[in-house]
Amino acid sequence: MSNMTIDRKGRLSEEQIDRILDATAESFRQQLRSPILHSPSEQGLEFEDVTLPATDGVPLEGWFIPASESRKLIIANHPMGFSRAGIPAQLEPWKSVWSSSGNGFEVNLVPDYKILHDAGYNVLAYDLRNFGHSGQANGGIASSGIFESRDVLGSLRYVRNRKNTRDMTLGLFSRCLGCSSTFHAMTEDRAAFDGVRCLIGPQPVTMKIILTRRLALAGVPADRIDDLEERIVLRTSIGFARRAPQEWARNVCVPTFLYQVHDDVLTDPSDVQTMFENIPVADKKLQWINGTSARWDGYLEFQRRPQPTLEWLDTHMS
């Protein structure tokens with residue numbers, strides 16, 4: 001039996017805090033993969049299983065979902081901890097990770113692809129490195145978009161070299177980690193985005209902010225965030241300052257539509273607001289989602305209210 005105790009004021013013991021900090025840091029050293037529990041076939045969609053290389057050669061697994069007679073293509077990137085199919089946060093061990101923040105329910109991303117397909121878009125949805133069925137890379141660590149940006153660049157290279165997609169009009173639907181990775185990819189190789197018409201970027205987040213919130217929900221004092229960073233650096237060699245989507249946003253070079261749950265308990269609205277303000281293009285939009293504090297509701301927003309996103313795509317992809 002554990003000898004961990006909580007003091008009379010309800011505070012965590014030092015041993016409990018250490019365990020939480022170590023477990024959180026470990027999740028950056030070896031990421032928990034979400035299984036692929038859904039398929040486009042559930043939505044009546046024809047699809048092709050595809051393998052594409054990141055720019056550093058990591059094999060990425062995905063689906064290509066064709067839309068008959070369409071010359072428009074959306075590349076979909078998923079959030080951290082998800083796969084191209086979503087996250088089964090109603091099941092363990094994901095439920096234990098996310099339920100304290102009100103996110104202990106499933107997000108199935110396949111309906112997104114159905115909506116896009118029916119609106120006349122071909123779709124490429126793939127697993128980022130270290131997620132889903134894609135290859136392990138960089139020792140399996142989470143880099144908050146640094147190494148994952150090579151996957152975004154690889155997906156662009158793939159569709160431009162594929163015979164039946166090379167001449168298509170391109171747009172990006174990059175959620176959370178996918179969005180941060182896209183920002184970093186633009187920072188590293190702006191020319192790769194020449195001809196990309198637009199970016200939909202749901203809920204990018206700065207890692208220090210979300211981890212501070214997660215520690216607070218676990219009862220860990222705010223001043224232990226520096227301790228957590230030290231443990232993450234020991235496991236990944238990457239500190240918070242390098243995990244900087246607010247700064248990468250300064251290099252965004254395509255029309256961009258961001259949206260975010262305003263009262264998301266895992267972040268602060270100032271984070272996405274700063275990213276939005278830092279984006280240097282004039283053609284940009286920020287939409288707040290109200291009436292919930294659950295981050296997952298932001299990932300389900302497109303399924304529930306697709307019209308704003310479809311209108312943005314229609315304007316920029318025509």
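## Salt bridges

A salt bridge here is a side-chain nitrogen of Lys or Arg within 4 Å of a carboxyl oxygen of Asp or Glu. By this rule the predicted model has 22 salt bridges.

Two of them lie in helix α1. Arg19 and Glu15 pair with an N to O distance of 3.1 Å; they are 4 residues apart in the helix, so about one helical turn separates them. Both are partly exposed, Arg19 at 46% relative accessible area and Glu15 at 29%. Glu26 and Arg29 pair at 2.8 Å, N to O, and are 3 residues apart, again about one helical turn. Glu26 and Arg29 also belong to a network of salt bridges that includes Glu14, Asp18, Asp22, Arg224, Asp227, Arg231 and Arg235.

Arg162 and Glu48 form a salt bridge, with the closest N and O atoms 2.6 Å apart. Arg162 is in the loop between α4 and β7 and Glu48 is in strand β1, so the pair ties together parts 114 residues apart in sequence. Arg162 is buried at 14% relative accessibility, whereas Glu48 is partly exposed at 36%.

## Packing of α1 and α6

Helices α1 (residues 14-29) and α6 (residues 207-217) pack at about 145 degrees, their axes 12 Å apart. The crossing is right-handed. Ile20, Leu21, Thr24 and Phe28 of α1 meet Met207, Leu211 and Leu215 of α6; of these residues, 6 are nonpolar, 1 is polar and none is charged.

## Asp127

Asp127 sits in the loop between β6 and α4 and is buried, at 0% relative accessibility. Its contacts beyond four places in sequence include Glu61, His78, Arg84 and His133.

## Confidence

The chain averages a pLDDT of 96, but residues 1-8 stay under 50.

Note on methods:
Residues numbered from 1 in each chain as written. Predicted model: local features only at pLDDT ≥ 70, side-chain atom pairs only at ≥ 80, totals over all residues. Heavy atoms only, no water. pLDDT = per-residue confidence, 0-100. Contact = heavy atoms within 4.5 Å. Axes fitted to C-alpha atoms, helices over the stretch in contact; angles between N-to-C directions. Helix = DSSP H or I, 4+ residues; strand = E, 2+ residues; numbered from the N terminus. Left-handed = near helix turned anticlockwise from the far one by under 90°. Nonpolar A, V, L, I, M, F, W, Y, C, P; charged D, E, K, R; others polar. Buried < 20%, exposed > 50% of the residue type's maximum accessible area, 1.4 Å probe, protein only.
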